[in-house]
Amino acid sequence: GRLHPTTQVVREICEAFVAMGFSIVEGPEVEWDRYNFEMLNIPQGHPARDMWNTLWVDYRSAEGQYPMLLRTHTSPMQARVMESTRPPIRVVVPGKCYRYEATDATHESQFHQIEGLAVDEDGTMADLKGCLTVFARALFGEARRVRFRCDYFPFVEPGVDLSIDCCLCGGKGGRLCKATGWIEIMGAGMVHPNVLSNVGYDPARYSGF
C-alpha cells in the first residue's frame, strides 16, 4: 500500500527542483541514436561512446541512418526540449535508463536517472554550484557539506562531479564512503557549445548547465 522507495526518492528530487522554478518533463525510453548520442556531442565512431554499453533495437528509420536503442541516459531530452523551446529553460527529466551491464551489487541493466537542464542568456558556473548546493541540502539535510571536482562528460564543458560529506561518518571516513569521507551523488557541467549549436542556439548568446 506504499510507493516504491525509488518512486519516493524520484519525487523528492523533482520537488526540490520544482521549488527552484524547474518544470518536469518526460521522454521516450526507446530513443534515436541521433538524440542519445549525436546531438549531445557524441558523433558516430567517437571513443566517448565506449562509456555507454548500449542495448540496440533492431530498427532503422526510413532514411536508414538513425538506429534506435534503449536510452542510456535521460540526457537526450536536453536536445528534444531545446529543439522545441526557446530560452529561458528550466526542466528536470526523470526516467528509466538501460545499459548492457554485468549485474553486481551496484550495477543493473535498468536504473533511474534524473536529468536537469537550465539555459538562459547569462547562466554561469556559479549558478550551477548554487543550484546544486541548494538541491543537495534539500535532499540530504541542511548540514551537508558539498564538494565539486573536475570531471568529464562529452556534452558539458567544463564538467564536474558533486559529492556530499558522508552522512554516516560525518566526513571522517568509513565503510559507506570507502574511507574518503565523501559520497559522489551526481555529475554536472556547463552545456557544451556544440550541443547548443546542434539545436540552433547561439553559444555566444546562450549558456546553461
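View A. You'll find Tyr59 in the loop between β3 (55-57) and β4 (68-70). Helices (H or I, at least four residues) and strands (E, at least two) are DSSP runs, numbered from the N terminus. Together with Val30 and Val57, Tyr59 makes a nonpolar patch on the surface, with about 230 Å² of accessible area for the three. Patches take residues with over 30% relative accessible area and no salt bridge, joining like charges within 9 Å and nonpolar side chains (Val, Leu, Ile, Met, Phe, Trp, Tyr) within 5 Å. The areas come from the Shrake-Rupley method with a 1.4 Å probe, and for residues only the protein chains shown count as cover.

A word on the model before moving on: it is predicted, so local features need pLDDT of at least 70 and side-chain atom pairs count only at pLDDT 80 or more, while totals for chains, interfaces and linings use all residues. Residues are numbered from 1 along each chain as its sequence is written, and side-chain values use heavy atoms, with hydrogens and water left out.

View B. Zoom in on Ile42 and you'll see it touching Phe37, Ala48, Arg49, Trp52, Pro154 and Phe155, leaving out residues up to four places away in sequence; contact means heavy atoms within 4.5 Å.

**View C. Val92 and the residues around it.** Val92 sits in strand β5 and counts as buried, at 1% relative accessibility. What does Val92 contact, once its neighbours within four places in sequence are set aside? The list runs to Cys14, Phe17, Phe22, Ser23, Ile24, Val25, Ile114, Glu115 and Gly116. For a sense of scale, Val92 and Gly159 are 67 residues apart in sequence and 18 Å apart in space, C-alpha to C-alpha.

View D. The structure holds 8 salt bridges, each being a side-chain nitrogen of Lys or Arg within 4 Å of a carboxyl oxygen of Asp or Glu. In one of them, the side chains of Arg80 and Glu31 meet at 2.7 Å, N to O. Arg80 is in helix α3 and Glu31 in strand β2 (residues 30-32), so this pair links parts of the chain that are 49 residues apart. Glu83 pairs with Arg34, the closest N and O atoms being 3.3 Å apart. Because Glu83 lies in helix α3 and Arg34 in helix α2 (residues 33-36), the pair ties together parts 49 residues apart in sequence. Glu83 is partly exposed at 36%, and Arg34 is partly exposed at 24%.

View E. Asp165 forms a salt bridge with Arg145, at 3.8 Å between the closest N and O atoms. Asp165 is in strand β8 (residues 156-165) and Arg145 in the loop between α4 (125-140) and β7 (146-151), 20 residues apart. Buried or partly exposed: which is Asp165? Asp165 is buried, with a relative accessible area of 5%, while Arg145 is partly exposed at 43%. Arg144 joins these two in a network of salt bridges. Asp161 also lies in strand β8 and is buried at 4%. Not counting residues up to four places away in sequence, Asp161 touches Arg147, Phe148, Arg149, Asp151, Glu184, Met186 and Gly187.

View F. A search of the whole structure finds 0 disulfides, a disulfide being a pair of cysteine sulfur atoms within 2.5 Å. For Cys97, the nearest cysteine sulfur is that of Cys14, 13 Å away, and Cys97 is buried at 0%. Cys131 is in no disulfide, with the nearest cysteine sulfur, that of Cys14, 13 Å away. Cys131 counts as buried, at 9% relative accessibility.

Terms used: Buried means under 20% relative accessible area, exposed over 50%, partly exposed in between (1.4 Å probe, protein chains only).
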